[in-house]
Amino acid sequence: MRLTAADGYSAVRSYSITSAAHFKGLVELTVERLPDGEVSPYLTQQVAIGDRLELRGPIGGWFVWHSEQTEPIQLIAGGSGIVPLMAMLRSRSSAGSTAPFRLLYSVRVPEAVFYRDELQALSDRDHPVSLTYAYTRTAPKDWPRPPGRIDADLITNVTWPSNLVPTCYVCGPTSFVESAAGLLINCGHNPDKIRTERFGPTGDRR
Amino acid sequence: MSSDTYDYLDGNAAAGELSKIFAMDITAAEGQCAHCGATKRFAEARLYMQCPGIVARCAACDHVLLRFVNVGQRVFLDLRGMTYFSLDTSQLQ
């Protein structure tokens, strides 16, 4: 996305699309506001209907789930890394796919969960998505697992075992992705079946 | 350049910038590291963006694979860190 100010200053940022593939007429982007960001405070607090934004895309064909895939799918999200995984979940629904999906979603506190209601609905429907939250800082009252990072026990207990040969998609901050992908490999998953996307600020400085 | 400081992203984050010059998606393209010979998808490369341009390094050996920089109305692309870069042309048809 390119934003250009009245004085000609422009800034370019990359955002993940949240809407399903081939969804017509609307592109949904999820933008996390970075307190000292240059663009995200504008997009999350000031942008108004009628404002013009320049978009180019979609770009990137690697971190993608295709509805022709029928194998088990393991999604692992850290924080806002849920965004491209949500697009996969929505694509699964809109394609009528029954591919078995599991989502392990690591988030600091319950209030920080994105799309909570929609995820709940996906886990309550026919051919449900198996959904596990892992809270790293504060968990809801009576939550079975004490707050903490994703670890080998959790991976073993709630994700597809490696003998089912799932394709795994891991998205989040770099430290999260390195840790989660390492745990999957330790649990016997083939690195070739693990696709990763590391999230972080992508602004260019011109 | 320590790899445990997590100051890198991955090749996915370069897709937008590199789509200015490549007609095809480069994140799924396969490249061979000229240093260690590892053949990986560009999405798997380690991407350093806290510099005037973009530097992609091999996820296996950390050797520089690609450098890309904008200077005014000109872009510079250095691909000598790869012995080849292989793209799927079916998406053009």
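Helix α5 of chain A covers residues 174-186, and at 1.5 Å a residue its 13 residues should span 18 Å; the end C-alpha atoms are 18 Å apart, so expectation and model agree. The model is a predicted one. Buried positions in α5(A) are A:Thr174, A:Phe176, A:Val177, A:Ala180, A:Leu183 and A:Leu184. Within chain A, the buried residues of this helix pack against β3, β4, α4 (152-158), β6 (167-173) and β7, and they also pack against β1 of chain B. After α5(A) comes A:Gly188, with a positive phi near 100 degrees.

In chain A, five strands make up an open sheet with parallel pairing, in the order β5-β4-β3-β6-β7. The edges are taken by β5 (130-135) and β7 (194-199) of chain A; each has a single partner strand, so one side of each lacks a neighbour in the sheet. From one strand to the next, the twist averages 10 degrees. Strands of a sheet pair through backbone hydrogen bonds, in either a parallel or an antiparallel arrangement. Between β3 (residues 73-78) and β4 (residues 101-107) of chain A, which run parallel, there are six bridges. A:Gln74 has A:Arg102 in β4(A) as its bridge partner.

The remaining topic is the contact between the chains. Chain B contributes 16 residues to this contact and chain A contributes 15 residues. On the side of chain B that touches chain A, the elements giving two or more residues are β1 (9-10) and α1 (15-18) of chain B. By type, the residues on that side of chain B are eight nonpolar, five polar and three charged.

Terms used. Residues numbered from 1 in each chain as written. Chains lettered and ligands numbered in written order. Predicted model: local features only at pLDDT ≥ 70, side-chain atom pairs only at ≥ 80, totals over all residues. Contact = placed C-beta atoms within 7 Å. Helix = DSSP H or I, 4+ residues; strand = E, 2+ residues; numbered from the N terminus. Nonpolar A, V, L, I, M, F, W, Y, C, P; charged D, E, K, R; others polar. Pairing = 2+ DSSP bridges. Axes fitted to C-alpha atoms, helices over the stretch in contact; angles between N-to-C directions. Expected span 1.5 Å × (residues − 1). Buried ≥ 20, exposed ≤ 12 C-beta atoms within 10 Å, placed from the backbone.
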